[in-house]
Amino acid sequence: MRKGTILVGVLLALFALVGTASALRLRAGDILIIGDGGFSPRSLPRDRDAPIEIHGGGRISTISGELPPVLHRIIFDFDRHGHVETRGLQVCTRGRLIATDVPRARANCRDAIVGKGRGTAIVKFPDQNPIPASSPITLFNGPRKSGNPTLFAHAYLEVGGPTTFIVPIEIRRIRKGLYGYRVETEIPRIAGGYGIPKSGSIRVERRWTYKGKKLSYVNARCENGRLQAFGTFTFRDGTRLSGTFARTCSIRR
């Protein structure tokens, strides 16, 4: 089984990491990205991070109705008013995910799961009709890299032969004004380059207890009335879309 990427699930995983994406619409030429996301609760403390649950979803399409080009690279800068917590959370390694379908991967690293969703794609081989493909997506807590939290995003497809898809995602600290975290992912070719990401969704709501304290994977605070992120999406034909995505929050008294 080959290793690769997880369709448009990578994109949605990035939306979900901080949960800041509001309804969005990005267009460049014929290409259109439409998405939505959010978090709860929307009322948060101003001076400390509090647990939140996050979700994101979206789709890639074209105005003409033709198949879109293949997504190649994603870069997201996230609001500095929050953090990812991993203390006491089981770590999943790549070795436990290689050559696994979805049930086996989830069984191998059950206590490391932080999020779940679904991704869809179209596989268009030459001289054949487009073949729809989809898979559940699972986000696993991975080992730290240079002190930074990491995730493994996992999916499994049978179109074109049974294939396990694994993507490592590092959440790096940055100093860029409002933004304090960056995730960058280069997407390998799917099905020999004939796979085209289409849509997906993800939800992160993992909570657990460690040393008597209740913890949450994603945490945030409302310091200035909004949380936001800046994303750039590059396609293999050279098209690039970028934009700022924000969601308002209220200060908990």
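Residues count as buried under 20% relative accessible area and as exposed over 50%, with partly exposed in between. With that scale in hand, select Ala99 in this predicted model: its relative accessibility is 46%, so Ala99 counts as partly exposed. Ala99 sits in the loop between β7 and α2, and its phi is near 60°, a positive value in a residue other than glycine.

Next, move to Asp127, which lies in the loop between β8 and β9, the latter spanning residues 131-145. Here too phi is near 60°, again positive in a residue that is not glycine, but Asp127 is exposed, because its relative accessible area is 83%.

For another backbone feature, select Ser40 and Pro41, which are joined by a cis peptide bond with omega of about -5°. Pro41 belongs to the loop between β2 (31-40) and β3 (43-44).

Now display the cysteine side chains. A search of the whole structure finds two disulfides, and, when bonded cysteines are counted along the chain, these follow the pattern 1-2, 3-4.

Begin with Cys92 and Cys109, whose disulfide has an S to S distance of 2.1 Å. This link is right-handed, with 70° about the S-S bond. The pair connects distant parts of the chain, 17 residues apart, with Cys92 in the loop between β7 (82-84) and α2 (102-108), and Cys109 in the loop between α2 and β8 (113-123). Both Cys92 and Cys109 are buried.

Continue to Cys222 and Cys249, where the sulfur atoms of the disulfide are 2.2 Å apart. The link of Cys222 and Cys249 is likewise right-handed, with 90° about the S-S bond. The cysteines of this pair are 27 residues apart and link distant parts of the chain: Cys222 is in the loop between β17 (218-220) and β18, while Cys249 is in the loop between β19 and β20 (250-251). Cys222 and Cys249 are both buried.

From here, bring the strands into view. Five of them form an open sheet, in the order β12-β13-β6-β18-β19, with antiparallel pairing. At the edges are β12 (172-176) and β19 (240-248), each of which pairs on one side only. From one strand to the next, the twist averages 25°.

One place to look is Gly231, which stands opposite Gly243 in β19.

Stay on β18, which covers residues 226-235, and pick out Gln228 within that strand. Is Gln228 buried or exposed? Gln228 counts as buried, because its relative accessibility is 11%, which is under the 20% limit. The side chain of Gln228 makes a polar contact of 2.9 Å with the side chain of Tyr179.

Which members of the largest nonpolar core touch the most other members? They are Ile33, Tyr217, Phe233 and Phe235, in a core of 42 residues. Select Phe235 and show its surroundings: leaving aside residues up to four places away in sequence, Phe235 touches Ile31, Ile33, Ile60, Pro69, Val70, Leu71, His72 and Leu241.

Methods: Residues numbered from 1 in each chain as written. Predicted model: local features only at pLDDT ≥ 70, side-chain atom pairs only at ≥ 80, totals over all residues. Heavy atoms only, no water. Helix = DSSP H or I, 4+ residues; strand = E, 2+ residues; numbered from the N terminus. Buried < 20%, exposed > 50% of the residue type's maximum accessible area, 1.4 Å probe, protein only. Polar contact = N/O pair within 3.5 Å; in protein donor to acceptor, adjacent residues only side chain to side chain. Core = buried A, V, L, I, M, F, W, Y, C linked by side-chain atoms within 4.5 Å. Contact = heavy atoms within 4.5 Å. Pairing = 2+ DSSP bridges. Axes fitted to C-alpha atoms, helices over the stretch in contact; angles between N-to-C directions. Disulfide = S-S within 2.5 Å.
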